[in-house]
Amino acid sequence: METAGGKIIQGGVATGTLRVFRRAEVPDSRDAGLTPDQEWARFEAACAQAGAQLDELCGRVREELGEESAAIFEIHRMMLEDEDYLDAVRDAVRSGETAGRAALAAGERFAAAFAAMEDAYMRARAGDVRDVSRRVAGILDGLEGGGTLSGEPVILAAEDLTPSELMQLDRSRLLGVITRRGSVNSHAAILARTMNLPALTGVDFRDGWDGRMAVLDGFGGRICVDPDAGLLAAMEEKRRVWLEEADLLQELKGKPNITLDGRGIEVCANISGPGDVDLVLRSDAQGVGLFRSEFLFLEAEDFPTEEEQFAAYRRVAEAMAGKRTVIRTLDIGADKRADYFRLEKEENPALGLRAIRLCLTRREIFKTQLRAILRAGAFGNVAVLLPMIISLREVREARELLEECRAELREEGAAMGTPELGVMVETPAAVMIADELAGEVDFLSLGTNDLTQYTLAVDRQNPGLERFWDPRHPAVLRMIRHTAEAGRRHGCRVCICGDLAADRELTAAFLRMGVDELSVPPSAVLPLRRWIRGLDLRGEGEAAF
Amino acid sequence: MKQFTYTITDPIGLHARLAGLLVKAAKGLDSTVTVACTGGRSAEATRLMALMIMGVKSGETVTVTVEGGDEEASAAAMERFFRENL
């Protein structure tokens with residue numbers, strides 16, 4: 001058994017024969033004896049042919065994978081028409097190169113320019129200009145494009161793989177891909193993700209692995225050849241869960257979350273940053289119910305700037321394409337601390353300077369975040385959620401700051417959205433004034449972890465208190481019911497976004513209380529949706545709490 | 001000659017797909033359009049690779065210059081393009 005690790009491009013599990021992919025080398029046909037003019041004419045003819053190939057490929061990809069994937073090959077076509085690229089080829093041809101080698105040399109020259117760029121995304125564009133140059137050179141020297149697959153499905157191992165090569169392979173014979181070089185930002189990687197093809201890069205495989213049995217663990221970022229029975233069984237189990245999830249998505253995609261007796265509830269997902277959005281989209285959640293913005297702060301060495309925050313919020317808002325993204329403002333303090341905040345040590349951090357209290361004390365930090373959220377609102381449906389609220393005064397102060405930011409941005413001529421405003425209900429105080437809060441804001445969001453901690457006076461950080469920790473305590477459930485009723489009275493949406501939202505034994509109770517939305521980890525969205533669609537609330541009494 | 005400045009808000013900056021759209025839009029105009037950013041980097045808006053290699057990032061401000069042809073209409077079209085896409 002031999003194994004190698006790699007960077008994950010796309011999760012998933014594949015088991016099958018490993019095949020090492022070899023690209024046909026472009027032959028050195030330097031002395032073909034044609035004049036530069038003749039070589040240039042050959043190049044132009046090959047370009048026309050490559051253009052036609054790319055048009056066809058574009059059409060096929062558009063049909064199979066959608067517009068965004070097709071755009072990759074449209075860019076390839078445009079690269080072939082780029083004046084600077086054509087100039088580089090022309091110069092090389094004039095200096096005596098054959099058309100094929102001139103195309104490769106021009107491709108390398110621009111690839112080097114991309115590879116030298118600062119930005120990882122732009123560096124990965126080197127692969128595109130190489131790909132298109134190889135396509136032209138291949139036409140000129142009569143090479144079969146890329147490789148083809150026949151016979152049994154395989155896991156493909158390649159030095160690197162261009163987007164064209166990947167699209168040329170028969171998907172039904174391809175179980176997964178590993179490459180030695182390449183980037184998770186390459187267009188081939190983006191295509192692999194769109195195809196849901198298990199894939200790794202940066203894998204140091206050996207040519208001797210060709211033809212051997214292998215398992216590719218796209219979730220764990222490992223490949224193993226000649227796996228033993230134990231590993232095979234474990235991977236088979238992983239694969240089963242993965243495929244089941246895919247089936248579940250197929251079954252539920254686009255379907256409403258309605259119980260058998262016709263009660264509906266929204267199911268959204270909780271995220272910690274733009275990196276989680278793919279998972280949300282894959283789960284077909286109705287929105288992001290909780291974006292824990294503090295992770296942008298906890299992962300940073302210093303305060304994230306307005307631009308950094310704006311970029312992160314915008315990315316999520318855009319990716320969610322009109323579905324609501326609820327951004328919880330900075331919930332730092334207590335157990336979540338970052339050194340650069342220079343917070344003083346406290347006796348009782350859970351009851352201390354945290355969340356909204358910190359934001360209303362250090363207003364510049366808060367305003368930077370509010371400005372970034374307002375600006376992101378121009379690119380999608382975002383909402384602001386205030387954590388740890390205990391009074392109406394806090395809500396009004398925060399709203400004033402939000403208005404201040406809006407006025408500033410208007411003055412600056414910046415594009416903005418009009419985000420909804422909501423508050424976290426996670427203290428008994430907020431529950432007791434839920435009516436007043438519901439009259440003031442657009443939505444209430446129950447944070448059941450803190451609500452349990454503050455209601456039961458049980459420190460959730462203390463492992464010794466585990467047996468006293470009971471989020472299903474009647475006191476907590478009554479708090480939730482009280483809040484849901486207040487929301488209903490005022491036409492104010494009520495969401496549960498804590499761990500309890502995913503507790504299936506309580507789903508029926510939440511539906512009865514009239515909770516409008518449950519927000520859970522992305523992986524819990526699909527199973528919960530299926531659970532809801534199987535519930536029938538007829539003929540059962542109100543739960544006893 | 002007409003000129004305007006624009007601050008890029010796309011999170012990845014002037015990336016491949018957007019550069020491609022810009023090239024298409026600029027090719028449809030009868031004016032010469034140049035995009036310049038700080039540090040003396042500049043490229044004609046019809047040149048895809050040059051635009052990409054400029055590496056314009058999110059938050060960077062570019063100066064767009066329109067020369068020749070119907071400058072008024074071309075500048076207006078470019079301003080609209082930047083606002084809607086970048």
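Buried means under 20% relative accessible area, exposed over 50% and partly exposed in between, with a 1.4 Å probe and protein chains only. This is a predicted model: local features need pLDDT of at least 70, side-chain atom pairs count only at pLDDT 80 or more, and totals for chains, interfaces and linings use all residues. Residues are numbered from 1 along each chain as its sequence is written, and side-chain values use heavy atoms, without hydrogens and water.

View 1. Helices are DSSP runs of H or I with at least four residues, strands are E runs of at least two, and both are numbered from the N terminus. Just after α8(A), Asn196(A) has a positive phi of about 60 degrees.

**View 2. Phe510(A) in the largest nonpolar core.** A nonpolar core joins buried Ala, Val, Leu, Ile, Met, Phe, Trp, Tyr and Cys residues through side-chain atoms within 4.5 Å. The largest has 87 residues. Phe510(A) and Ile480(A) are among those with the most contacts inside it. Contact means heavy atoms within 4.5 Å. Beyond four places in sequence, Phe510(A) touches residues including Ile496(A), Leu500(A) and Val515(A).

View 3. Cys495(A) is buried, at 3% relative accessible area.

Definitions and conventions:
Chains are lettered from A and ligands numbered from 1 in the order in which they are written.
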